[in-house]
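Biologist: I'd like to go through this one with you and hear what stands behind each label. Can you put it on the screen?

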Amino acid sequence: MSLYADSPYPINEEIVALHNQELQSIAETGTWLTGEERTAIAQHARFARIKAKLQEASESVNAPDSDSLSSALRHLISKVAIAPKSIDLDFFRKSLASGISDEEYVETIGIVSRVVNLDIFSRGLGIPMRTLPKPNGGKPQQSRPASAIDEGAWVATIPNDTRNDPLGRQMYGGGPQPFIYRALSLAPKEAKRVILGGNAQYLPLDKFMDFTYSHHPALTRSQLEIVAGRVSVLNQCFY
Amino acid sequence: MALRESAKIKNLPIQLKGIVNPDIDIGIPGGTTLVKFASAIVGMDLPELTRARGILVNSLGIDALVASSVIAGNFSRNDRIADATGIPLEAEFLEQSSNFRAELGFNDFLSARNSLGAPSNP
């Protein structure tokens with residue numbers, strides 16, 4: 001059965017396929033975290049948003065196993081899920097000081113951000129959050145990308161020059177990527193998901209400067225940018 | 001930036017302030033409806049979201065509702081990643097947005113420090 005079979009509104013196959021992959025990827029072993037940890041992170045993010053009345057409760061959402069996550073990680077998850085506009089450098093430093101590694105921090109940001117993406121989409125259509133698959137049992141490689149450097153963000157990132165970096169080439173597909181698509185590259189699987197998501201949900205990157213192009217024919221580019229801009233203003237996102 | 005440029009190509013005079021103040025008409029067809037829906041989808045008022053959804057469907061159609069939900073989800077993700085990793089805005093976009101950022105209040109966002117640096121004490 002299609003992921004959105006219960007939607008009263010038809011959803012194009014590109015989005016259905018992407019969201020299926022997104023859900024599956026959350027439950028899979030990450031670069032730094034296990035599938036169990038990643039699923040627990042997503043569940044905690046969902047419950048934090050339900051508690052904050054930013055998302056409606058659903059029978060399809062399992063209660064999070066609070067014991068499986070440290071209190072520092074739970075705090076990070078809630079902050080990103082509910083109030084990203086209040087995050088600053090001091091919060092980042094305190095997160096690391098509380099025992100979260102920079103790699104775990106990045107992977108957690110990716111999971112929370114992606115599950116919020118899916119849940120806000122469902123909320124827009126008035127349908128319940130989608131059920132997360134059962135986590136797989138693999139072991140994360142926990143291998144830090146050797147090419148990650150300080151490019152001006154709080155976290156190290158893999159730069160666009162990937163001539164001598166097969167991992168970077170594989171992730172970025174050979175072309176330069178904006179900072180938003182490199183931000184999670186300490187957790188390459190997360191960064192790759194963000195790029196794929198942006199290309200399908202917003203527009204293919206090579207179309208960004210074509211201001212007559214809209215990846216969603218029901219909206220003009222200007223209309224689409226109104227939605228994007230308003231959401232970002234409410235999140236107080238300068239980027 | 002993309003909103004301004006996409007309107008300019010179609011010779012549509014727009015009021016960017018409509019992005020920060022829903023009472024101001026941006027000047028794009030359906031703009032007010034889209035601002036209200038975007039506000040509601042990330043807000044706490046479920047009846048307001050239901051109202052905004054209905055207005056959007058009636059005025060722009062069901063595909064526009066789906067597209068708006070896709071975009072709202074995508075940028076909710078991007079905003080969280082950007083705000084939580086402290087990435088600075090690319091220099092070219094920083095320059096291109098300089099003439100409207102202050103007016104719209106963007107420079108006052110906490111996350112502006114990642115691109116502009118921390119404000120100096122008076």
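Biologist: Which residues does Val112(A) touch, not counting residues up to four places away in sequence?

Modeller: Val112(A) touches Ile41(A), Ala45(A), Ile77(A), Val80(A) and Ala81(A), plus Arg80(B) from the other chain. Touching here means that the C-beta atoms, placed from the backbone, lie within 7 Å. Before we go on: this is a predicted model, where local features need pLDDT of at least 70, side-chain atom pairs count only at pLDDT 80 or more, and totals for chains, interfaces and linings use all residues. Residues are numbered from 1 along each chain as its sequence is written, while chains are lettered from A and ligands numbered from 1 in the order in which they are written.

Biologist: What makes the largest nonpolar core a core?

Modeller: A nonpolar core is a set of buried Ala, Val, Leu, Ile, Met, Phe, Trp, Tyr and Cys residues joined through C-beta atoms within 7 Å. Buried means that 20 or more other C-beta atoms lie within 10 Å of a residue's own. The largest such set has 95 residues, and those with the most contacts inside it include Val112(A), Ala45(A), Ile71(B) and Ala72(B).

Biologist: Why is this core said to lie between domain 1 and domain 2 of chain A?

Modeller: Because domain 1 (13–141) and domain 2 (203–239) both give residues to it. Those bounds come from an automatic or database domain assignment. The C-alpha centres of the two domains of chain A lie 24 Å apart.

Biologist: How many residues does each chain bring to the contact between them?

Modeller: Chain A brings 66 residues and chain B 61. On chain A's side, H9(A) gives the most, with 14 residues. That side divides into 40 nonpolar, 17 polar and nine charged residues. Nonpolar covers Ala, Val, Leu, Ile, Met, Phe, Trp, Tyr, Cys and Pro; Asp, Glu, Lys and Arg are charged; the others, Gly among them, are polar.

Biologist: What pLDDT does chain B average?

Modeller: Chain B averages 94, and 98% of the residues score at least 70. pLDDT is the predictor's confidence in each residue, from 0 to 100. For the complex, the predictor gives an ipTM of 0.96 and a pTM of 0.96.

Conventions
Contact = placed C-beta atoms within 7 Å. Helix = DSSP H or I, 4+ residues; strand = E, 2+ residues; numbered from the N terminus. Buried ≥ 20, exposed ≤ 12 C-beta atoms within 10 Å, placed from the backbone.
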